[in-house]
Amino acid sequence: MPDFYLPDADAYLEHWAVNAKGEAPAEFAGYKGGMAWKRQVHAENGTRLLETTMADLWSGQLFSKLESQLTALGVKLDPNPDRPAPGRQPIESPRLVRTIRAFLTHVKNNRLTMEELRSRLDTGVAGTFRFRHQMFLGLFEKLWDRWEARLRAERVIDFEDMLNMAADCLERGQWQNPYELVMVDEFQDASQARARLVAALVSKPGRYLFAVGDDWQSINRFAGADLGVMSEFEKHFGKAVTLKLETTFRCPQSLCDITGKFIQQNARQLRKAVRSPMEQVVDPIRIVRVANEQQTKSAIETVISRLIESHAGGKQSVYVLGRYKRDRTHMPTHYSMYGVDLQFMTVHSAKGLEADHIIIPGLSSDTMGFPCRIVDDPVLALAMPGEDSHEFAEERRLFYVGLTRARKTVTLITIERKESTFVSELIRDHGIKVLNVDGDESDAELCSSCRVGFLVPRKGKWGPFMGCSHYPRCKFTRRLAR
């Protein structure tokens, strides 16, 4: 099938996934052969074929190229950005505003100029879509000028100005810090601007910095946090003594073993081994698989009922931790009277808290699942510190926070055929069993090829077979014995 048919031009448009060298992504097996076949079909049938490429889109040439071709075919173009268009809009205004505000935060935190931003664009730090990023910078520059003019007119500063101006004042010697000891908590969430201010406070002889933080719980990158401030501490603050707090009085050792291995899959995280004197729990993590999202609420109710039965006589605290506020819809409403202190909160807001039992719904591979697959706008890379290249790095740290709120057990709710990659990893690396809502072991077999998807029954022209739930990304199959 062609990508598009343009009736006003009586032409077909193929948008090829190839770069400037005509090369397709390595995983697109046989793509060039498909391109040749489609061109041949059009030639044999005398149909008009227009062609564009990803390279055209990245450079911006696609638009002038299509404009020229369509105008030559008699099509009257209507370049009206406010014209109603079907389907999802390229970018919604609220999302664009959030992106610009976040971009401004990072620009100021890292003290970047427009010249430096354009230089970073030239180096390709934000990827290949240069044309889009140039358009964004043009818009951002105008808004930034207006923002600064408004601040000057009202004789005020924003938060990033406050950090930078305070550091400037210290570095120029306009104020002397009278305190010998500067203490900083939650140090893993420090931005470059905050790090600069702290460094200025302890720059004179006889001044000392005491910082406490856990890089395994750094979950505010979008708001300016730079993990490198903590992981490269001596680069910013000079020679230091590091004391690792490796004893927890919250989680059982069995849960610490699982969560420690999980978070340290990312090589950028600092290495440590967490120990616990707490009472041991045999199965600290349980995975419950439901057929669809609508069954999540009843599954949570069943889990809580079992917790009540297994802890008769003792009141238990239970947190239902959602990846999003909208996950509150899965909350039961009638358990407070049965000896359970039940609360809902997001994983972000649960940081620093704890409960006997944690339930995390929404462990699915959907875009709004956990891990969330909505990536930051790539243009932010122009203003942000070095990217953490480990897949779902921030989501992994957030999930770690959720898991480690538990004093006893964690129950994860996943969806059949949409299992989260985090669920797959826990099953693969720790042998955690998958249960159905009734508590019986579910027939869940991890794909032996990709080790991410699960084998599900399918039907083909040669009969039934087992295939990977991650098809077409994974094409593993296994014939069923007859």
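**Surface and cavities**

Guide: Begin with Met183, which lies in strand β4. Keep in mind that this is a predicted model.

Visitor: Is Met183 buried or exposed?

Guide: A residue counts as exposed when its relative accessible area is over 50%. Met183 has 58%, so Met183 is exposed.

Visitor: Which residues form the nonpolar patch on the surface?

Guide: Met183 is one of them; the others are Leu181, Tyr208, Phe210 and Val212. Together they have about 530 Å² of accessible area. Two elements, β4 (181–184) and β5 (208–211), each give two or more residues to this patch.

Visitor: Now the inside. How do we find empty space?

Guide: Roll a probe the size of a water molecule over the atoms, and the empty space that is left shows up.

Visitor: What lines the largest cavity?

Guide: Ten residues do. Nearest its centre lie Arg221, Ala225, Asp226, Leu227 and Arg397. By class, the lining of the largest cavity has six charged, two polar and two nonpolar residues.

Visitor: What is the volume of the second largest cavity?

Guide: About 40 Å³. The residues lining the second largest cavity are Leu170, Trp175, Gln176, Asn177, Ala200, Ser203 and Lys204.

Visitor: How does the lining of the second largest cavity divide by class, and which are the counts?

Guide: Three residues are nonpolar, three are polar and one is charged.

Methods. Residues are numbered from 1 along each chain as its sequence is written. This is a predicted model: local features need pLDDT of at least 70, side-chain atom pairs count only at pLDDT 80 or more; totals for chains, interfaces and linings use all residues. Side-chain values use heavy atoms; hydrogens and water are left out. On a 1 Å grid over the protein atoms alone, a cavity is a set of points where a 1.4 Å probe fits but cannot get out, and a pocket is an open set with protein on both sides within 12 Å along at least five of seven lines; lining residues have an atom within 4 Å of a point. Ala, Val, Leu, Ile, Met, Phe, Trp, Tyr, Cys and Pro count as nonpolar, Asp, Glu, Lys and Arg as charged, and the others, Gly among them, as polar. Grid points are joined across faces, edges and corners, and a volume is the space filled by probe spheres set on the points. Patches are made of residues with over 30% relative accessible area and no salt bridge: like charges are joined within 9 Å, nonpolar side chains (Val, Leu, Ile, Met, Phe, Trp, Tyr) within 5 Å. Accessible areas come from the Shrake-Rupley method with a 1.4 Å probe; for residues, only the protein chains shown count as cover. A salt bridge is a side-chain nitrogen of Lys or Arg within 4 Å of a carboxyl oxygen of Asp or Glu. Helices (H or I, at least four residues) and strands (E, at least two) are DSSP runs, numbered from the N terminus. Buried means under 20% relative accessible area, exposed over 50%, partly exposed in between (1.4 Å probe, protein chains only).
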